[in-house]
Amino acid sequence: LLLALLLRIIFFTGFSGSDDYLLVKAADALNKGALDFSASNHIPLRLALLYPTAWVIGIFGIHDFSIAFFPLLCSLGIVLFTYLIGRKLYSEGVGLLAAALLAIFPLEVLHGSILVAEPIAGFFFLVGFYFLLFDKRFFSFLGGIFLGIAYLAKEIYLLTLPLLLLYLWYRKKKIVSLHFLFFFGFLLVFLGELLYFYSSTGNFFYRQEAVQHFSALFSP
């Protein structure tokens, strides 16, 4: 963790003028009570990025450190939970080796100080997966909630839900209550997002339509 932090400080980026510009602009508008839902870009609609960013810049103001603070914490959290997962699945040595490799992996180091979805979504995904490994009902429910938060940070994590349910079936060799609790935890977050956008825009699937519109710009 110290090595990971040191490298992310040495190669600190902060504001990059890409996705983070849209997110910071939306977070600042949210703090001022003027969040605009008319834009068709889906990046500011990622609630797991928008609200923590708004909270941090509301306290510290808008500058390189406040923009990078949340992804930096999540990047370090990825290293920690990679270790915990490796230790739980295999051994202490495997967990340490996996964490050490992730601490110095160049793309992870780069993303560790940029406000993008990858470190934030990756962190919440790993937390959800770690809880799933305990094979306990409440932890499985929490795992589903954390996977839902990962989805709120980046849409593609929706595709991991059936894969994790399949992995749980592989571990248990049958469908058990843990499947339903994990799915229910995810579903609560997913439905919460639908209700949020319905109350804000009158459209349950506002974010999904924004993603499709944004993707269509690149299809030609």
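**Close-up views of helix packing and cores**

**View A. The axes of α7 and α8 come within 7 Å of each other and cross at roughly 165 degrees.** α7 is therefore roughly antiparallel to α8, where angles under 35 degrees count as roughly parallel, over 145 as roughly antiparallel, 65 to 115 as roughly perpendicular and the rest as oblique. Axes here are lines fitted to C-alpha atoms, for helices over the stretch in contact, and angles run from 0 to 180 degrees between N-to-C directions. Helices are DSSP runs (H or I, at least four residues), numbered from the N terminus. The crossing of these two helices, α7 and α8, is left-handed, a term used if the near helix is turned anticlockwise from the far one by less than a right angle. This is a predicted model, in which local features need pLDDT of at least 70 and side-chain atom pairs count only at pLDDT 80 or more, while totals for chains, interfaces and linings use all residues. Residues are numbered from 1 along each chain as its sequence is written, and side-chain values use heavy atoms, with hydrogens and water left out.

**View B. The residues that join α7 to α8 come from both helices.** On the α7 side, the contact (heavy atoms within 4.5 Å) includes Ala117, Ile120, Ala121, Phe124 and Phe125, and on the α8 side the residues include Phe139, Ser140, Leu142, Gly143 and Phe146. By class, the contact of α7 with α8 has 15 nonpolar, three polar and no charged residues; Ala, Val, Leu, Ile, Met, Phe, Trp, Tyr, Cys and Pro count as nonpolar, Asp, Glu, Lys and Arg as charged, and the others, Gly among them, as polar. Phe139, which lies in helix α8, is partly exposed at 26% relative accessibility, where buried means under 20% relative accessible area, exposed over 50% and partly exposed in between (1.4 Å probe, protein chains only). Leaving aside neighbours within four places in sequence, Phe139 is in contact with Phe131, Leu132 and Phe134. In the loop between α7 and α8 lies Asp135, which is partly exposed, with a relative accessible area of 27%. The phi of Asp135 is near 55 degrees, a positive value in a residue other than glycine. For comparison, most residues other than glycine have a negative phi.

**View C. The largest nonpolar core has 51 residues.** Such a core is a set of buried Ala, Val, Leu, Ile, Met, Phe, Trp, Tyr and Cys residues joined through side-chain atoms within 4.5 Å. Among the residues with the most contacts inside this core are Phe81, Ile120, Phe123 and Leu147. Several helices, including α2 (19-31), α4 (64-89), α7 (117-132) and α10 (177-201), each supply at least two residues of this core, and the largest share, twelve residues, comes from α7. Phe81 touches Phe123, Leu126, Val127 and Tyr130, not counting residues up to four places away in sequence.

**View D. Thr160 is found in helix α9.** With a relative accessible area of 15%, Thr160 is buried. Not counting residues up to four places away in sequence, Thr160 touches Phe125 and Leu147. In the loop between α9 and α10 lies Lys173, which counts as exposed at 59% relative accessibility. The phi of Lys173 is near 65 degrees, a positive value in a residue other than glycine.

**View E. α10 and helix α11 (residues 206-216) pack at an angle of about 85 degrees, with their axes 8 Å apart.** The two helices, α10 and α11, are therefore roughly perpendicular to each other. Phe190, Glu193, Leu194, Phe197 and Thr201 in α10 meet Tyr206, Arg207 and Gln208 in α11, and the residues of this contact divide into four nonpolar, two polar and two charged. Phe197 of helix α10 is buried, with a relative accessible area of 1%. Although Phe197 and Leu45 are 152 residues apart in sequence, their C-alpha atoms are 9.2 Å apart in space. Leaving aside neighbours within four places in sequence, the contacts of Phe197 include Phe37, Leu45, Leu47 and Phe204.

**View F. Helix α1 (residues 2-10) and α5 pack at an angle of about 5 degrees, with their axes 8 Å apart.** α1 and α5 are therefore roughly parallel to each other. Leu3, Ala4, Leu7 and Arg8 in α1 meet Leu102, Ala103 and Ile104 in α5. By class, this contact of α1 with α5 has six nonpolar, no polar and one charged residues.
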